Amino acid sequence: MTAPASRSGTGAPAELFFEDLVPGLTVDLGTVSVDGDEMRAFARRFDPQWYHVDQELAEASQYGGVIASGFYTVSLFMRAYVDHLLSRAAADASPGLEELRWLAPVRAGDRLAVRVDVMGARPSDARAGLGTVILTGTMLRLGPDNRPEQEVLRTRFRGWFALRPVETDPEAGPPSTAPTPAPAEQAGTDHAGAEQASAGPAAAGAAQHT
């Protein structure tokens with residue numbers, strides 16, 4: 001009998017699990033276009049600073065025109081992350097982010113290439129059945145030739161993802177006949193603990209929430 005299917009971040013059956021999100025993996029999250037009306041409506045509702053909402057003042061400033069709220073830009077990143085990864089992965093909540101940087105202004109009409117890179121992964125100490133994945137997300141402005149021109153956003157954060165369900169067979173032999181874990185697997189568990197210990201005092205607080 002197979003364990004109940006885990007759900008993705010959008011509620012669909014998951015096809016990716018913690019074990020699939022290995023360090024070094026890059027996931028293309030597609031390209032987003034910045035809609036000027038949406039960008040300004042977001043700023044009027046949530047971040048009505050003059051360089052986000054006042055065309056005349058913005059044009060007379062060093063910005064040369066209205067620029068997007070940084071929180072609008074990170075919202076575009078989040079939507080791409082959900083559409084292209086969390087909709088497929090057995091995602092749980094996130095314990096938080098460690099870095100969020102707006103590296104260049106974003107304007108109406110910009111086309112932004114989005115991706116995430118897996119920086120680290122280990123079983124969670126706080127949540128049984130989950131693993132903690134450390135990811136770096138980036139957005140890069142594309143030029144007319146679709147080549148990256150400039151990085152506009154970078155964020156580093158953690159996500160919880162379910163471990164792959166274990167299949168069980170009622171006709172299988174007693175548990176004593178099951179193979180023991182390979183030494184490499186045991187070493188991996190020990191390495192996770194060593195990695196936490198080597199992180200130093202600066203990471204102690206974050207480790208409590210992984």
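In which strand does Asp117 lie? Select Asp117 and see: Asp117 lies in strand β3. Keep in mind that this is a predicted model.

**Stop 1: Asp117**

Is Asp117 buried or exposed? Asp117 has a relative accessible area of 15%. Buried means under 20%, so Asp117 is buried.

Now show the side chains of Thr26 and Arg115. The side chain of Asp117 makes a polar contact with the side chain of Thr26, at 2.4 Å. The Asp117 side chain also makes a polar contact with that of Arg115, at 2.8 Å.

**Stop 2**

Switch to a cartoon view. Find the open sheet of five strands. Read across it in the order β1-β3-β4-β5-β2. The pairing is antiparallel. Which strands sit at the edges? The edge strands are β1 and β2, and each pairs on one side only. Neighbouring strands of this sheet are turned by 15° against each other on average, direction ignored.

Next, colour β4 and β5. How many bridges join β4 to β5? The count is 13, and the two strands run antiparallel. Leu130 has Ala162 in β5 as its bridge partner. Val133 has Gly159 in β5 as its bridge partner.

Follow the chain from β4 into β5. The two strands form a hairpin with five residues between them. Click on Asn146 in the turn: Asn146 has a positive phi of about 70°.

Now move to β2. β2 and β5 pair in the antiparallel sense over six bridges. Select Trp102 and look across to β5. Leu153 stands opposite Trp102.

**Stop 3: helix α4**

Select α4. Which strands does α4 lie across? They are β1, β2, β3, β4 and β5, and α4 runs at about 130° to β1.

Show the buried residues of α4. They are Gly70, Tyr72, Thr73, Leu76, Phe77, Ala80, Tyr81, Leu85 and Leu86. Here is a rule to keep in mind as you read the numbers. An α-helix has 3.6 residues a turn, so residues three or four places apart point the same way.

What covers these buried residues of α4? The cover includes β1, α1, β2, β3, β4 and β5.

**Stop 4: the nonpolar cores**

The largest nonpolar core has 33 residues. Select the residues with the most contacts inside it: Leu29, Tyr81, Leu85, Val116, Met139 and Phe161. The elements that give two or more residues to this core are β1, α1, α4, β3, β4 and β5. Which element gives the most? It is α4, with seven residues.

Zoom in on Leu29. Leu29 touches Phe77, Ala80, Tyr81, His84, Leu85, Val114, Arg115 and Val116, not counting residues up to four places away in sequence.

**Stop 5: salt bridges**

How many salt bridges does the structure hold? It holds 11. Visit three of them.

Start with Arg88 and Glu15. They form a salt bridge, with the closest N and O atoms 3.2 Å apart. Arg88 lies in the loop between α4 and β2, and Glu15 in the segment before β1, so the pair ties together parts that are 73 residues apart in sequence. Arg88 counts as partly exposed, at 31% relative accessibility.

Go on to Glu98 and Arg156. Their side chains meet in a salt bridge at 3.2 Å, N to O. Glu98 lies in strand β2 and Arg156 in strand β5, so this pair ties together parts that are 58 residues apart in sequence. Glu98 is partly exposed at 40% relative accessibility, and Arg156 is partly exposed at 28%. Glu98, Arg156 and Arg158 are linked in a network of salt bridges.

Finish with Asp110 and Arg141. Their side chains meet in a salt bridge at 3.1 Å, N to O. Asp110 lies in the loop between β2 and β3, and Arg141 in strand β4, so the pair ties together parts that are 31 residues apart in sequence. Are these two residues buried or exposed? Asp110 counts as buried at 12% relative accessibility. Arg141 counts as buried at 11%.

How values were computed:
Residues numbered from 1 in each chain as written. Predicted model: local features only at pLDDT ≥ 70, side-chain atom pairs only at ≥ 80, totals over all residues. Heavy atoms only, no water. Salt bridge = Lys/Arg side-chain N within 4 Å of Asp/Glu carboxyl O. Helix = DSSP H or I, 4+ residues; strand = E, 2+ residues; numbered from the N terminus. Buried < 20%, exposed > 50% of the residue type's maximum accessible area, 1.4 Å probe, protein only. Pairing = 2+ DSSP bridges. Axes fitted to C-alpha atoms, helices over the stretch in contact; angles between N-to-C directions. Contact = heavy atoms within 4.5 Å. Core = buried A, V, L, I, M, F, W, Y, C linked by side-chain atoms within 4.5 Å. Polar contact = N/O pair within 3.5 Å; in protein donor to acceptor, adjacent residues only side chain to side chain.
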